[in-house]
Amino acid sequence: MQTPDSIDAVQSMLADTGYVCGRALATVVFLSLKLGRPLFLEGEAGVGKTEIAKALAASLGRKLIRLQCYEGLDASSAVYEWNFPAQMIAIRTAEAAGNADREMLQRELFGPDFLVERPLLEAMRPDENGPPVLLIDELDRTDEPFEAFLLEALSDFQVTIPELGTIKAPEPPIVILTSNRTREVHDALKRRCLYHWVDYPDFDREVEILRTRAPEAAETLSREIVAFVQRLRTEDIFKKPGVAETIDWAKCLLALDVIDLSPEVISDTLGAILKYQDDIQKLQGSEAKRLLDEAKASLEPV
């Protein structure tokens, strides 16, 4: 599929995969595709940053390549490694056969047959369906040296393997970087990207998302769920529930055949929307009823 030619087309394309986004996010996605610039998305966990990369890959018919970041991730782990067990077998086989040509053996050992491609190198390879979507997820978990390496890799869309030389992408991949902002990412990397803060959706958009992701839920229940979650986000809790938790909670309630929210149901299913015991304890007893009453009072008749 060709890249969309307008902002409205981006919204429509993503909606076809079940991803509901506002015009501001659709605009920066359109510009990223149009200009071939990496897209840097920041926001709280669970607001849909990772999902947009999945939706783009699905809607464009492109391969999704995901680099999950973590503390201690280095350039080598993100680009390539050599298949050492296979290399050892090849060495022993050559020795047993009496192959004394060490130079030839070394060229074979550090050739394509023994190369294990990691996400960044894989994303540089040509693909018959078009450049892949490269998702660099939770960049804020890595260290600054990896950021510096990534800055170079995303500037020229090429990587260097000492034994093989420089490998350059024939067409730049579609790059999506995400961050939960547990630490600040360096400005030099941000300057290479288009930037967007992915916020919690407003009430109407979150209801629309729930209609898309949990269509079996009745309209009244969906509105109660969203109103309660949005009210919960205003409370002083350690981890506010994201859209992902809203969807999970709705599916849990459907599995329990719940048709109307009650303090008892909320207490029984808090583990679907809150992930810390201190937060759960705050909502036990009368607190759940208070929030539910406030949520229901805020709803306008359908």
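The model is predicted: local features need pLDDT of at least 70 and side-chain atom pairs pLDDT 80 or more, while totals for chains, interfaces and linings use all residues. Numbering starts from 1 along each chain as its sequence is written, and side-chain values use heavy atoms, without hydrogens or water.

View A. Helices (H or I, at least four residues) and strands (E, at least two) are DSSP runs numbered from the N terminus.

**View B. Five strands form an open, parallel sheet.** The order is S2-S5-S8-S1-S9. S2 and S9 are the edge strands, each pairing on one side only (pairing takes at least two DSSP bridges). Twist averages 20° from one strand to the next.

**View C. S2 pairs with S5 in the parallel sense.** Five bridges join S2 to S5 (residues 133-137). Leu-67 stands opposite Ile-136 in S5.

**View D. The largest pocket is lined by 36 residues.** A pocket is an open set of 1 Å grid points where a 1.4 Å probe fits, with protein on both sides within 12 Å along at least five of seven lines; lining residues have an atom within 4 Å of a point. Tyr-19, Gly-46, Val-47, Gly-48 and Lys-49 lie nearest the centre of the largest pocket. H12 (243-255) gives the largest share of this lining, five residues. Elements supplying at least two residues each include H2 (23-35), H3 (49-60), S2 (64-68) and S9 (194-197).

Conventions
Axes fitted to C-alpha atoms, helices over the stretch in contact; angles between N-to-C directions.
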